[in-house]
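Here's a quick briefing to read with the model open beside you.

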Amino acid sequence: MTDTASNTSAPQPRRFGVLNTLGLWTLYRKEVQRFWKVMFQTVFAPVVTTLLFFAVINLAFGDRRGDIAGIPFSEFLVPGLILMGLLQNAFANSSSSILVSKVQGNSVDFLMPPLSPLELMIAFIAGAVTRGVVVAIATGVVVAFFVDLRPDHIWAILFYGITGASLLGMVGLIGGVWAEKFDHIAVITNFIITPLTFLSGTFYSIEVLPEPFYTLSHINPFFYMIDGFRYGFTGHADGSIVTGIIFILALNAVLMTVSYRVLRSGWRLKS
């Protein structure tokens, strides 16, 4: 008994490197599996919604609208609709994940494990980006049967798709922490995200807008995301691509700082 006891070492605390990669990967998988299990609601439904937008707008205005900057109206319209679906679903994923955990009282599932605020933030944002990208790809595949989608600048598609999904994922993260009920998330969706999306040039070129709406469009982050994403497909942009890149990167940096501080403080999560 003495030899056995002496050979048995006491359990030691597990040590992690710079990142707890196992914990981060586990939380990310949980985020992905959460929306993948109900993919008819989280993936297919947004695709159908986008197709309805495309059908109604294209049938109602397509023939009368004519080309925009030499681009057929349907080809001008589709990139904006794809990114709109990507952004909305990235927001929905992170906001609903955190709020549902709070409402059901199981937010302890991600607060108790040895995950730092940075690791929590990365996992939630990565899950949001994944859902947004999946919806965008599914929408693009379906819409390609009706419109000739030929990428002109792949870097722009990837940049604005990923940074846009990250941006809305962080807005969803902050909103999910702030919200105490689903009505609060609906306020953000109905009074911030939807208006900014519809007033960003998704369905039209901002060149047709009178002042002061033309100038106001240039401080709308959704305009730069949709304009840059459309540039990736058509090679045409209503605004400055360089300004858009700087604007989106700066806004992502601000939201990343806010997201990290919110998770680090435990505001409305631990108290």
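Which residues make the nonpolar surface patch of about 340 Å²? V18, L19, L118 and I122 do. Bear in mind that this is a predicted model, where local features need pLDDT of at least 70, side-chain atom pairs count only at pLDDT 80 or more, and totals for chains, interfaces and linings use all residues. Residues are numbered from 1 along each chain as its sequence is written, and side-chain values use heavy atoms, with hydrogens and water left out.

**Overall layout**

- The protein chain has eleven helices and zero strands; both are DSSP runs numbered from the N terminus (helices are H or I with at least four residues, strands are E with at least two).
- The C-alpha trace spans about 90 × 40 × 35 Å along its principal axes.
- Of the 271 residues in the protein chain, 46% are buried (buried means under 20% relative accessible area, exposed over 50%, partly exposed in between, with a 1.4 Å probe and protein chains only).

**The nonpolar patch**

- A patch takes residues with over 30% relative accessible area and no salt bridge; nonpolar side chains (Val, Leu, Ile, Met, Phe, Trp, Tyr) are joined within 5 Å, like charges within 9 Å.
- Accessible areas come from the Shrake-Rupley method with a 1.4 Å probe, and for residues only the protein chains shown count as cover.

**The core**

- The largest nonpolar core has 63 residues, and L168 and M225 have the most contacts inside it (a core is a set of buried Ala, Val, Leu, Ile, Met, Phe, Trp, Tyr and Cys residues joined through side-chain atoms within 4.5 Å).
- Elements giving two or more residues to this core include helix 3 (39-65), helix 4 (73-104) and helix 10 (221-234).
- Helix 4 provides the largest share of this core, 14 residues.

**Aromatic rings**

- There are twelve aromatic pairs (rings of Phe, Tyr and Trp, using its six-membered ring, pair if their centres lie within 6.5 Å; planes under 30 degrees apart are stacked, over 60 edge-to-face and the rest tilted).
- F159 and Y160 are an edge-to-face pair, because their ring centres are 5.0 Å apart and their planes are at 90°.
- Both F159 and Y160 are buried.
- F53, F198 and F203 form one aromatic cluster.
- R230 has its charged end over the ring of F76, 3.8 Å from the ring centre (the cut-offs: NZ of Lys or CZ of Arg within 6 Å of the centre and within 35 degrees of the ring normal).

**Salt bridges**

- The count is three salt bridges (a side-chain nitrogen of Lys or Arg within 4 Å of a carboxyl oxygen of Asp or Glu).
- K30 bridges to E31, with the closest N and O atoms 3.1 Å apart; K30 is partly exposed at 33% relative accessible area, whereas E31 is buried at 0%.
- R150 and D148 meet at 3.0 Å, N to O; R150 is exposed at 59% and D148 is partly exposed at 41%.
- E180 pairs with R268, the closest N and O atoms being 3.6 Å apart.
- E180 sits in the loop between helix 7 (154-178) and helix 8 (182-198), and R268 in the segment after helix 11 (241-265), so this pair ties together parts that are 88 residues apart in sequence.
- E180 is exposed at 52%, while R268 is partly exposed at 28%.
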